[in-house]
Amino acid sequence: MKYQGVEIEDTFAEAFEMWGSRLIITAATPGWAETAARVATGLATSIIGCGCEAGVNRPLPPERTPDGRPGVPALFFTTSKEAMEAQLLTRVGQGVMTSPTSACFNGLNVRERVKVGSRLRYFGDGFQVSKYVEGRRLWRIPVMDGEFVVEEGMGVRPAVGGGNFFIMAETQEAGLAAAEAAVAAMVEVPDAIMPFPGGIVRSGSKISSKYKGQHVSSNTPYCPTLRGQTEVELPEGAEAVFEIVVDGLDEGAVRKALQAGIPAACGDGVLRISAGNYGGKLGKYQYHLHKLVRG
Amino acid sequence: MGCLSCAALARTSTEVTLRRRESSSIPIEAETISPDRFRGLSETQIARLPAYYGRRLVTLGDLFEIEGVHTDQIGVEGDVSHVKKIGYGMTRGSLTIRGDAGPHTGALMSGGELTIDGDAGDWLGAQMKGGVINVMGGAGNFVGGAYPGEARGMNRGLIVVRGNVGQEAGLRMRRGLIVVLGATGDFPGAHMIAGTLLALGRLGPRPGAGMKRGTIVALGEAPELLPAFRYSGTFEPVFLRFYIQHLIKEGLMLSQRQLAGPYLRYVGDFNELGKGEILVHV
């Protein structure tokens, strides 16, 4: 099918079960809340090399945060609850607690929790203070600018990772502009993140390699410069491909993000929209592009 | 959980209403007036529940007109200022007293909502373990406190008193939050083990005497502190903002601006553990 003159391939994006968590990171100013959240979610592009995938949602006004200060929701995705606990402990401990005026709260209303504040509290060296309000326990940890307040447990829930689509364009410039437009539309969807730099990935991978011990390698069928050397799956005239990967706290969040992103990507110079899958053998979730575009 | 401001709703058809037959200064003990005891009972069955009129064993039907069935929402009307232990140990539902309440109201409760339109007597919410108590008027001594011989007072939950409270509010409290919009009497937070006492009006003399841990927040005029407390510093307590957000959600007319710091922090009581704190609004 065609959408705004762009070919939408009859294929689907294959996505996987993950574990998701949502933290609300607050600070005295919107800028410092953003800084703390960006640092905590930094270097979390791919589960393969980073241990988790993470990103931020739109900032929250003070009246919508647990402590009435400016806040930013930060979303994290891992392959297990154990991995989530380890990642959050490191990222909150090193990225949020160190950031001036910050505080960190659970942002998911679910029963299942991983321990974060209850482990970080030992940093207080015996001077940490617990506060318990309506089923939520906070830890007040003394730090050099006052106190770092962190919630004891952070909610985790089954989530969806790896929703994706490819933008195949005539030029790198056109492809990047389309990808940026797609991301701009997708960031408005709550509970979904695009974990790669600026929401866009250029080094898509396949899960095989000619080298022993190398589990993933360049996604050669989508590398335009390999035309003539190996088999490529690109339309005639496509000289650049950008991929957008989406993780969401539920299936619907990923779907909504894809539905927002794909039409927005169908701009000048874009030849085809495609998606990555493993024939439906590995992932629980399938997002068919035609259905997404039809709405 | 309902809105504290509108908790004193008019009687609804889904509640059991108890109307006091006559006023009397003779103490009545009626811990059977509880959503846990009323749930699933007919008017006749409720009327047969026991109570003490002085030292005489009577039934609720002897003391109250009863209307409504099969619900865990209770409304109490008429003069019950001499009726003790209403809502004692309740774990669920809602109980609204449309007037003044007697001593021990809501003591040992662990869940549900208890609303008093008027004033409450002594031992309001003593040793409570959960739930919400909302008093539109004032309250007597030992709000959320521990009974004599008991190690711990209030252990969880929320008590909001819009008027003044008597002496030793929060006596030996272990957890939970007490909010007093009026003035507190002498020795507020005495022997606190933990928890939080938030006083928006004048904090009574000698707060936190013997406290081990816990927080007393004074938003009114600067209180008279015991010498066993030391000045620790001035700061903006973020955790207090969390409490305020929680109270705003509960319907209390507070604002972050009203309670914005900084606060002077005093730590003590150094005759005890010395890990308690009194925060005095600047």
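A salt bridge is taken here as a side-chain nitrogen of Lys or Arg within 4 Å of a carboxyl oxygen of Asp or Glu. In this predicted model, the rule finds 1 salt bridge across the interface of chain B and chain A. The residues that form it are E277(B) and R140(A), whose closest N and O atoms are 2.5 Å apart. On the side of chain B that touches chain A, helix α4 (residues 238-249) of chain B gives the most, with 7 residues. That side of chain B is made up, by class, of 6 nonpolar, 7 polar and 6 charged residues.

The contact between the two chains involves 19 residues of chain B and 20 residues of chain A. Together the chains bury an area of about 1700 Å², and carbon and sulfur atoms give 59% of this area. Between chain B and chain A, 9 residue pairs are in polar contact, counting pairs with both residues at pLDDT 80 or more.

Within chain A, the domain assignment gives domain 1 (2-14 + 160-294) and domain 2 (19-157). The C-alpha centres of these two domains of chain A lie 30 Å apart. Contact between them involves 16 residues of domain 1 and 17 residues of domain 2. The area buried between the two domains of chain A is about 1200 Å², with 61% given by carbon and sulfur atoms. On the domain 1 side, the residues that lose the most area to domain 2 are I193(A), P195(A) and L249(A), which together account for 46% of what that side buries.

Across this interdomain interface of chain A the rule finds 2 salt bridges. A salt bridge also joins the side chains of R22(A) and D191(A), at 3.5 Å from N to O. Polar contacts between domain 1 and domain 2 of chain A amount to 4 residue pairs, both residues being at pLDDT 80 or more. By class, the domain 1 side has 11 nonpolar, 1 polar and 4 charged residues.

Chain B contains an open sheet of 4 strands in the order β4-β3-β2-β7, with mixed pairing. Strands β4 (56-59) and β7 (83-84) of chain B are at the edges and have a single partner strand each, so one side of each is left without a neighbour in the sheet. The pairing of β7(B) with strand β2 (residues 28-29) of chain B is parallel and extends over 2 bridges. In β7(B), K84(B) is the bridge partner of E29(B).

Methods
Residues numbered from 1 in each chain as written. Chains lettered and ligands numbered in written order. Predicted model: local features only at pLDDT ≥ 70, side-chain atom pairs only at ≥ 80, totals over all residues. Heavy atoms only, no water. Contact = heavy atoms within 4.5 Å. Buried area = accessible area lost by both parts, 1.4 Å probe. Polar contact = N/O pair within 3.5 Å; in protein donor to acceptor, adjacent residues only side chain to side chain. Nonpolar A, V, L, I, M, F, W, Y, C, P; charged D, E, K, R; others polar. Pairing = 2+ DSSP bridges. Domains from an automatic or database assignment.
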